[in-house]
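Subject: Structure handover

Hi,

Here is the structure I promised to pass on to you. Please load it and keep it open while you read the notes below.

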Amino acid sequence: MSKEPKPKTAESKLRRSVKSFVTAGMAATEEFGKRLAEGLSAGSVVALRGELGAGKTVLARGIARGLGVEGYLKSPSFTIINEYHEGRIPLYHIDLYRLPEGGADCGDDGLALEEYLYGDGVCVIEWAERALSLIPDDAVMITITYGGELNEVDLDLAEDGPGDIKEEIEESKEELGAEDSMRTLRVSFSEYSGSCNGGN
Amino acid sequence: MGAAVLKDGSHVLSSVISSQDEIHSLYGGIVPELASRRHIETVIPVVDEALQQASVTMSDIDAIGVTQGPGLVGSILVGLSFAKAVAYATGKPFVGVNHIEAHPLAVFLDDAGDGVDTPEFPYVALVVSGGHTSLIQVNSFTDFTVLGKTRDDAAGEAFDKTAKLLGLGYPGGAIIDKLAKEGNPKAIHFKRPIIKKGNLEFSFSGLKTAVMQRVKDECFGDLSTPLEDGFVRDIAASFQETVVDVLTKKALWALEATGLRDIVIAGGVACNSRLRESLSAATGDNGTRFFAAPPKFCSDNAAMIALSAHHHLEAGERGELDMNAYPSIKVM
């Protein structure tokens with residue numbers, strides 16, 4: 001079932017394209033994942049990066065839906081790998097959150113990830129930066145940035161500051177959807193594939 | 001990895017865990033023992049230690065129980081292969097156990113050998129850990145019905161991620177439990193992820209994000225800013241209260257929905273003192289009763305696997321040498 005690992009050397013000839021999307025809310029992020037899934041095939045790897053709560057699992061859920069996996073997509077943070085076999089091809093939802101951070105790429109270290117990466121299904125890997133050396137060159141890399149425009153505004157208000165300004169902030173928060181705000185998806189993929197089709 | 005020796009199906013003669021909490025805390029939550037290589041190194045010493053502590057030898061052992069899943073396939077295979085090898089070499093029967101089904105049975109483990117208070121079948125079990133949050137109806141030692149489970153994150157995962165966000169280290173659950181005692185649980189209001197009244201499923205993903213947003217607000221978006229101790233204590237207390245509230249409510253709803261009267265908690269989060277306090281306070285009326293195993297049998301341990309295996313063997317089940325690991329057993 002395993003394919004030959006693709007060469008991953010520094011002089012790799014693959015050029016990468018980068019596209020940025022802005023998704024408004026979780027539903028849009030999930031929908032993007034669903035569309036992305038259409039271009040995925042056995043051996044495809046989607047590497048997701050983004051801070052806690054950025055929407056990685058939401059995007060993963062979209063991919064699962066696109067592959068025909070129904071039901072809940074439980075977080076693999078503790079289990080590390082969750083397998084789904086009910087879709088058109090197997091989905092391996094992987095989360096490297098518990099591997100060391102800060103550039104200490106621990107490689108595989110006995111997790112046997114390569115069995116999955118070069119296997120018969122699609123791998124969606126959250127916190128991919130924890131083991132970048134394992135990620136194949138032709139993986140689709142997606143960085144999700146939490147919109148949070150309001151965080152950029154450095155407001156220095158006294159506790160009992162002018163009520164109307166506070167109100168305005170609350171209102172604009174509501175308009176943007178405080179819990180459901182914009183995400184920027186920076187998608188990088190191999191040039192030769194010509195689409196978000198990392199696995200051919 | 002752990003190994004235990006049980007006598008008469010529930011009396012714990014020994015229960016050894018090769019804990020690496022000290023190593024984890026260096027990394028803020030990584031689990032080197034998940035690597036199968038580490039398992040290969042520890043399986044024999046851990047089994048030897050369990051036999052020694054129980055003052056028995058392998059020839060005194062009647063049968064072997066082993067975890068068949070769920071979990072990382074590499075880790076499960078090490079235990080499974082070892083159990084098969086011992087069974088083959090000694091001719092002893094062995095049986096594979098579902099890790100999640102063993103948790104709700106831990107309350108039957110008898111450490112001292114002089115009897116423990118146990119619930120009556122069928123009862124409701126709330127299994128809460130880093131990887132799982134489920135309400136399970138336990139019909140017998142070998143028969144289970146899932147009443148509800150998490151749609152996204154497990155409760156223990158929310159504890160761990162919150163602790164990391166607050167810079168508290170590992171294991172997050174225990175540290176938050178301790179800090180929360182000095183904080184104000186009403187200081188910060190987090191929306192209770194209830195889904196809707198009577199619903200027995202869980203969702204803790206949004207809570208984790210809400211905690212992060214609140215922490216970011218506090219440090220103006222720069223997470224490297226040191227947080228004030230008072231704020232950390234209050235957010236720990238408020239976060240914990242939110243989780244405990246939801247777990248308690250849903251446990252009671254599960255009793256209502258099933259008409260059962262005994263509730264058992266299990267899993268790593270069942271060690272949380274506030275959760276125990278809350279469930280203890282919420283039960284007692286209408287004949288409802290609350291049971292919890294001692295903390296060492298709530299978190300992952302081999303004694304509960306042995307107990308579950310005992311009952312599967314009693315029911316006549318036997319493992320075959322071609323038995324496979326099930327990384328993602330669907331139940332629960």
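What follows is a short tour of what I found, with the cut-offs given along the way.

First, the ground rules. This is a predicted model, in which local features need pLDDT of at least 70 and side-chain atom pairs count only at pLDDT 80 or more, while totals for chains, interfaces and linings use all residues. Residues are numbered from 1 along each chain as its sequence is written, chains are lettered from A and ligands numbered from 1 in the order in which they are written, and side-chain values use heavy atoms, with hydrogens and water left out.

**Chain A**

Chain A has 5 helices and 7 strands; here helices (H or I, at least four residues) and strands (E, at least two) are DSSP runs, numbered from the N terminus. Read from the N terminus, its elements follow the pattern β-α-β-α-β-β-α-β-β-α-α-β. Of its 200 residues, 48% are buried, where buried means under 20% relative accessible area, exposed means over 50% and partly exposed is in between (1.4 Å probe, protein chains only). Taking contacts between residues at least 6 apart in sequence, 75% join residues at least 24 apart; a contact means heavy atoms within 4.5 Å.

One residue to look at here is A:P76, in the loop between α2 (56-67) and β3 (81-84) of chain A. A:P76 is buried, at 0% relative accessibility. Setting aside residues up to four places away in sequence, A:P76 touches A:I81, A:N82, A:H93, A:I94 and A:D95. Its C-alpha atom is 8.6 Å from that of A:L96, which is 20 residues away along the chain.

**The sheet in chain B**

Chain B contains an open sheet of 5 strands in the order β7-β6-β5-β8-β9, with mixed pairing; two strands pair if DSSP finds at least two bridges between them. The edges are β7 (144-149) and β9 (289-292) of chain B, each with a single partner strand, so one side of each has no neighbour in the sheet. From one strand to the next the twist averages 25°. Axes are lines fitted to C-alpha atoms, for helices over the stretch in contact, and angles run from 0 to 180 degrees between N-to-C directions.

Within this sheet, β5 (residues 123-128) and β8 (residues 262-266) of chain B pair in the parallel sense over 4 bridges, and B:A125 stands opposite B:V264 in β8(B).

**Helices in chain B**

Helix α8 (residues 229-258) of chain B lies across β5, β6 (133-138), β7 and β8 of chain B, and runs at about 155° to β5(B). Helix α9 (residues 273-282) of chain B also packs on the sheet, where it touches β5, β8 and β9 of chain B, and its direction makes about 160° with that of β9(B).

How do helix α5 (residues 155-165) of chain B and α8(B) pack, and at what angle? The angle is about 180°, with the axes 11 Å apart. That makes α5(B) roughly antiparallel to α8(B) (under 35 degrees counts as roughly parallel, over 145 as roughly antiparallel, 65 to 115 as roughly perpendicular and the rest as oblique). At this contact, B:A155, B:A158, B:F159 and B:T162 of α5(B) meet B:F239, B:Q240, B:V243 and B:L247 of α8(B).

**Cysteines and a histidine**

The structure holds 0 disulfides over all chains, a disulfide being a pair of cysteine sulfur atoms within 2.5 Å. For B:C271, the closest cysteine sulfur is in B:C298, 5.0 Å away and too far for a bond. B:C271 is partly exposed at 27% relative accessibility, whereas B:C298 is buried at 1%.

B:H312 sits in helix α11 (residues 302-314) of chain B and is buried, with a relative accessible area of 8%. Leaving out neighbours within four places in sequence, B:H312 is in contact with B:V95, B:E101, B:T142 and B:E317.

**Backbone details in chain B**

Most residues other than glycine have a negative phi, and most peptide bonds are trans. Against that background, here are some spots to check.

- The peptide bond from B:G69 to B:P70 is cis, with omega near -5°.
- The bond joining B:F121 and B:P122 is cis too, with omega about -15°.
- B:D8 has a positive phi near 55° and is exposed at 67% relative accessibility.
- B:N286 has a positive phi of about 50° and is exposed, with a relative accessible area of 77%.

Best wishes
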